[in-house]
Amino acid sequence: MFKKAIVEMNKVSFQYNDSYEQLKQVDLTIYEGECVVVTGPSGSGKTTLTRLLNGLIPNFYEGKLTGTVTLRRKNISEIEPWSFGRFVGSVFQDSRSQFFTSIVEDEIAFSGENYGMAPELIRERLGELTLKTGIAHLLPKDVHRLSSGEKQKVAVASARLTEPEIYVMDEPSANLDMRATKELAESLSSLKERGSSIIIAEHRLYYLLPIADRIIYMSQGEITEEWTPAEMLALTANELEFYGLRSPVIRGNASILGANRKALQERVSLERAFIAPGKRKQRVLEDISCSFGKGEVTAITGPNGVGKTTFARTLCGLIREQAGTIQLNGKPVRAKKRLGKMWFVMQDSDYQLFSDSVYNELLMTHEKDAGAAERAESILKELDLWAFREHHPASLSGGQKQRLTFAVGLMNKPDMIILDEPTSGLDGRNMRRVVKLIRQMASSGVTVLVITHDYELVCGACDRLLFFQEKKLQADISVTASSAPKVIKLMETLQC
Amino acid sequence: MRAIFDPRTQLLVVLIASGAVFLVDLSKLWQIIAFMAVYLIVQGMHRLAIRYLVIAAFLIVFQEILVRVGSSFFSSLSFLAYLGLRFLPVLMGAGSLGRVPSGKLIAALTALRLPRGLLISLAVSFRFLPIMRLEYEAIQTSAQLRGVSVTSPRNWLRPLRTFEYTIVPLLMRSLKISDELAASATTKGIDYPGQKTSIHTISFGLQDIIVLVAYTGWLVVVFQYGG
């Protein structure tokens with residue numbers, strides 16, 4: 001069959017003016033109607049590659065570009081910077097910063113309005129698109145109030161408005177649960193059926209394998225491997241680990257067994273707790289009783305908006321429980337007193353770092369403690385951050401920042417550490433590193449609670465899974481080799 | 001039923017308010033605040049109106065007390081209350097403008113034939129405000145965990161440090177978000193030099209004429225006869 005190239009890159013190198021990331025001598029041809037997945041460790045140049053295709057490089061992000069990139073047989077240097085959006089639709093990872101308008105309808109219409117399409121035509125396309133993608137009911141809603149899954153559907157619909165031939169996506173599943181990821185996969189395959197070409201940079205591979213024609217592996221700015229889905233499936237566990245990749249199929253990891261719960265000393269327990277995001281707000285969780293043992297790692301999962309984060313915030317003492325008691329080491333402790341005994345690692349570390357250096361970050365609020373300096377040193381060494389102690393936290397990589405927020409928490413000798421989606425958007429290597437770190441913390445006696453949609457994390461690090469749905473604790477399963485299929489099914493369907 | 005005004009009318013109301021508050025006598029200021037409250041209520045923003053009325057009442061009482069006490073120590077506080085009171089009607093007008101969907105706002109600003117650069121920056125800043133609020137909340141949450149939050153009184157003794165711990169992460173996040181926001185808008189043709197369109201029809205209706213006539217009339221009454 002004769003295939004027409006839609007993207008051609010010939011010896012393309014790029015160096016940002018203000019970042020170390022780069023591309024080196026990249027040769028790549030993508031044919032019409034192909035779905036190409038670009039994967040590889042963080043910082044390997046995946047995002048840079050996508051930016052060459054949607055015109056952000058060299059028009060928006062400046063740097064030194066050599067070699068030739070042609071889109072639809074036209075050199076990108078001859079394409080007007082503003083016209084890329086007509087034939088390339090872009091979807092990004094963070095929906096908070098990819099939506100320019102405040103209402104769903106406006107967001108989807110945005111590119112049409114910019115390109116001066118007739119309002120009637122935009123309305124017509126809007127109607128068609130939202131009907132097809134099943135989001136017609138969202139049109140009048142505020143984009144900030146949508147769930148992550150809904151946001152990503154809106155982002156895809158918005159990219160589709162101008163009917164581009166090429167779609168470029170940068171980690172679109174990073175913030176999605178498994179059910180929303182499945183829906184994303186469905187919308188991608190419908191795009192592919194319509195003959196669109198899709199280029200997608202991603203760490204999570206399992207949902208893309210049925211759609212992908214090729215998987216390209218990048219390392220340090222170069223394309224070093226190329227696999228077909230069949231070749232990818234044939235990679236052994238050792239090879240996946242060598243490449244730092246996540247698993248291409250959903251499978252339970254049998255390496256971990258749930259701890260013997262009876263043997264554990266009780267650390268934190270809830271008795272008939274009623275939980276709401278505020279004093280007079282509606283309850284999100286009712287009549288919750290459960291306990292967490294010393295050194296136990298528990299995963300919490302459930303549909304979007306079920307109150308997982310509110311639960312975590314209540315445990316930390318950021319919110320007061322409406323009714324019921326929460327005990328620490330066998331004694332009831334009020335919300336205010338719990339603050340400082342628990343540590344909450346948020347999904348985005350930027351919020352949690354305040355100081356001007358890694359070392360000062362750890363000593364902050366510990367200025368007067370005896371032995372704080374030695375403890376900071378040993379924690380930093382343990383987490384591979386000692387070499388960076390003089391660096392500004394903002395200059396660290398994503399993984400280092402995350403480890404720093406762990407370190408800050410460990411300084412307080414907390415009874416419990418709660419992690420919110422610690423592996424979203426992480427490559428396989430960093431994901432496994434977090435898994436190892438969690439096990440390390442647990443074996444030193446810290447109780448760990450993980451809010452997550454990542455089955456690889458649950459199967460790799462957790463002893464137990466709690467599933468919340470419809471205001472109740474619906475399931476409490478210990479994660480073992482034999483229960484793994486059940487755990488995964490629960491996470492995939494989000495139904496008990 | 002609630003009235004929906006043309007964003008251009010709302011903009012004009014803000015402009016008139018900002019002129020009026022500096023010309024009117026302080027003793028008559030409450031009359032302008034009262035009008036703005038009615039203006040918010042007919043748009044269905046009862047809660048916003050009540051919130052501002054409570055703030056206004058508080059500031060007026062505070063001002064009165066300070067005037068009676070007459071101590072020089074309080075004069076700077078009195079000045080702050082005075083400023084707050086003067087700005088209140090403008091904030092109330094801006095509050096209703098802030099609720100306009102950004103698509104409609106852009107359409108209205110385009111109809112005003114504002115320069116493209118100004119239009120985009122205005123639209124972005126309106127878009128940025130709600131994001132900043134969310135960001136601020138997230139930062140305060142983690143500050144609370146670290147014990148450096150503005151909400152806990154013991155940090156009020158170290159205002160500079162507390163301020164730094166709010167503003168540094170806020171700046172970091174803002175830089176990142178504004179960059180990504182601009183990148184996303186670029187891929188959607190915001191730089192297209194041709195004529196833009198809008199799915200919103202912007203039209204000046206009866207309700208706009210009524211509110212502007214009423215506002216002008218009210219101001220005439222306030223300046224001529226009120227108080």
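How many residues of domain 1 of chain A are in contact with how many residues of domain 2 of chain A? Here is a friendly walk through the answer and some other features.

1. **Reading the model.** This is a predicted model, in which local features need pLDDT of at least 70 and side-chain atom pairs count only at pLDDT 80 or more, while totals for chains, interfaces and linings use all residues. Residues are numbered from 1 along each chain as its sequence is written, and chains are lettered from A and ligands numbered from 1 in the order in which they are written.

2. **The two domains of chain A.** The opening question has this answer: 15 residues of domain 1 of chain A touch 17 residues of domain 2 of chain A. Being in contact takes C-beta atoms, placed from the backbone, that lie within 7 Å. On the domain 1 side, α6 (148–160) and α7 (178–193) of chain A each give at least two residues. That side has 4 nonpolar, 8 polar and 3 charged residues. Here Ala, Val, Leu, Ile, Met, Phe, Trp, Tyr, Cys and Pro are nonpolar, Asp, Glu, Lys and Arg are charged, and the others, Gly among them, are polar. Domain 1 covers 5–243 and domain 2 covers 266–493, with bounds that come from an automatic or database domain assignment. Taken over C-alpha atoms, the centres of these two domains of chain A are 32 Å apart.

3. Strands β1 (residues 5–16) and β2 (residues 22–31) of chain A run antiparallel and are joined by 7 bridges. Strands (E, at least two residues) and helices (H or I, at least four) are DSSP runs numbered from the N terminus, and two strands pair if DSSP finds at least two bridges between them. Between β1(A) and β2(A) there are 5 residues, and the two strands form a hairpin. To find the pairing in your viewer, look for A:Val12 opposite A:Val26 in β2(A). Strand β1(A) is also joined to β4 (residues 63–71) of chain A, by 8 bridges and again antiparallel. There, A:Val7 has A:Leu71 as its bridge partner.

4. **An open sheet in chain A.** Which order do the strands of the 6-stranded open sheet follow? The order is β6-β7-β8-β3-β9-β10 (chain A), with mixed pairing. Strands β6 (88–91) and β10 (222–227) of chain A are at the edges with a single partner strand each, so one side of each has no neighbour in the sheet. On average, neighbouring strands of this sheet are turned by 20 degrees against each other, direction ignored. At the β10 end, β9 (residues 214–219) of chain A runs antiparallel to β10(A) through 5 bridges, and A:Ile215 is opposite A:Trp227. Helix α1 (residues 46–53) of chain A lies across β3 (35–39), β6, β7 (166–170), β8 (197–201) and β9 of chain A, at about 150 degrees to β8(A). Axes are lines fitted to C-alpha atoms, for helices over the stretch in contact, and angles run from 0 to 180 degrees between N-to-C directions.

5. **Two backbone details.** The peptide bond from A:Ile57 to A:Pro58 is cis, with omega near 5 degrees. A:Pro58 sits in helix α2 (residues 56–59) of chain A. A:Glu163, in the loop between α6 and β7 of chain A, has a positive phi of about 50 degrees although it is not a glycine.

6. **A helix pair in chain B.** Helices α1 (residues 7–23) and α4 (residues 75–98) of chain B pack at about 175 degrees, with axes 8 Å apart. That makes α1(B) roughly antiparallel to α4(B), a label for angles over 145 degrees, whereas angles under 35 count as roughly parallel, 65 to 115 as roughly perpendicular and the rest as oblique. The residues of this contact comprise 11 nonpolar, 4 polar and 1 charged.

7. **Where the chains meet.** The contact takes 40 residues from chain B and 47 from chain A. Helix α7(B) gives the largest share of the chain B side, 13 residues. That side divides into 19 nonpolar, 14 polar and 7 charged residues.
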